[in-house]
Amino acid sequence: DKGRLSKDDIERMVSDAEKYKAEDDKQKERISAKNGLESYCFNMKSTLDDEKLKDKISSSDREAITKKCDEAIAWLDGNQLAEVDEFQDKQKEVEGVCNPIITKLYQDAGGAPGGMPGGM
């Protein structure tokens, strides 16, 4: 039996693994929320630089998106260890500024919403 784990050792290891799994899952969720916010901001900023859309976004809308995304990125830099709900709240805040502008942009570009191709 020399070199083999005892039943107690195995049970302790399984218990530790279960305990750490919960912590790992929480950490994974937190990182995912952080990455989601960061990705959303960078995608919004790259949308502003899109050649096809550049001239379709007013300077005030462009400024509103840029300011809100820069603010969120600065917040991220200072809050790397924030909780999931804080990252999600910050993303909702950014979406609250960006989504109406982007929705309007695509509605203007695509004509009347719900209209059929060919003017029917």
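A salt bridge is counted here when a side-chain nitrogen of Lys or Arg lies within 4 Å of a carboxyl oxygen of Asp or Glu. The model is a predicted one, in which local features need pLDDT of at least 70 and side-chain atom pairs count only at pLDDT 80 or more, while totals for chains, interfaces and linings use all residues. Residues are numbered from 1 along each chain as its sequence is written, and side-chain values use heavy atoms, with hydrogens and water left out.

**Exercise 1. The span of a helix**

Task: work out what end-to-end distance helix α1 should have, and compare this with the model.

Solution. Helices are DSSP runs of H or I with at least four residues, numbered from the N terminus. Helix α1 covers residues 7-49, that is, 43 residues. The expected span is 1.5 Å times one less than the number of residues, so helix α1 should span 63 Å, and the 62 Å between its end C-alpha atoms agrees with this.

**Exercise 2. Burial along α1**

Task: which residues of α1 are buried, and how is Tyr20 classed?

Solution. Buried means under 20% relative accessible area, exposed means over 50%, and partly exposed is in between, with a 1.4 Å probe and protein chains only as cover. By this rule the buried residues of α1 are Arg30, Ala33, Lys34, Leu37, Tyr40, Cys41, Met44, Thr47 and Leu48. Tyr20 also lies in helix α1, but with 41% relative accessibility Tyr20 counts as partly exposed. The C-alpha atom of Tyr20 is separated by 30 Å from that of Lys92, a residue 72 positions away along the chain.

**Exercise 3. Salt bridges within and between helices**

Task: find where the partners of Asp25, Asp70 and Lys90 lie.

Solution. Side chains of opposite charge can pair when their charged atoms come close. The count comes to 8 salt bridges, and the following are among them.

- Asp25 pairs with Lys21, the closest N and O atoms being 2.8 Å apart. The two are 4 residues apart in helix α1, and so are separated by about one helical turn; Asp25 is partly exposed at 38%.
- Asp70 meets Lys45 at 2.3 Å, N to O. Because Asp70 lies in helix α2 (residues 59-78) and Lys45 in helix α1, this pair ties together parts that are 25 residues apart in sequence. Asp70 is partly exposed with a relative accessible area of 34%, and Lys45 is partly exposed with 24%.
- Lys90 meets Glu93 at 3.4 Å, N to O. Being 3 residues apart in helix α3, they are separated by about one helical turn; Lys90 is buried at 12% relative accessibility, whereas Glu93 is partly exposed at 35%. Salt bridges that share partners join Lys68, Glu71, Lys90 and Glu93 into one network.

**Exercise 4. Surface patches**

Task: which residues form the negative patch, and which make the nonpolar one?

Solution. Patches take residues with over 30% relative accessible area and no salt bridge, joining like charges within 9 Å and nonpolar side chains (Val, Leu, Ile, Met, Phe, Trp, Tyr) within 5 Å. Accessible areas come from the Shrake-Rupley method with a 1.4 Å probe. Asp and Glu count as negative, and the place of a charge is taken as CG of Asp or CD of Glu. The negative patch consists of Glu83, Asp85, Glu86 and Asp89; Asp85 belongs to helix α3 (residues 84-110) and is partly exposed at 46%. The nonpolar patch, of about 360 Å², is made by Leu5, Ile10, Met13 and Val14, and Val14, which lies in helix α1, is partly exposed at 44%.
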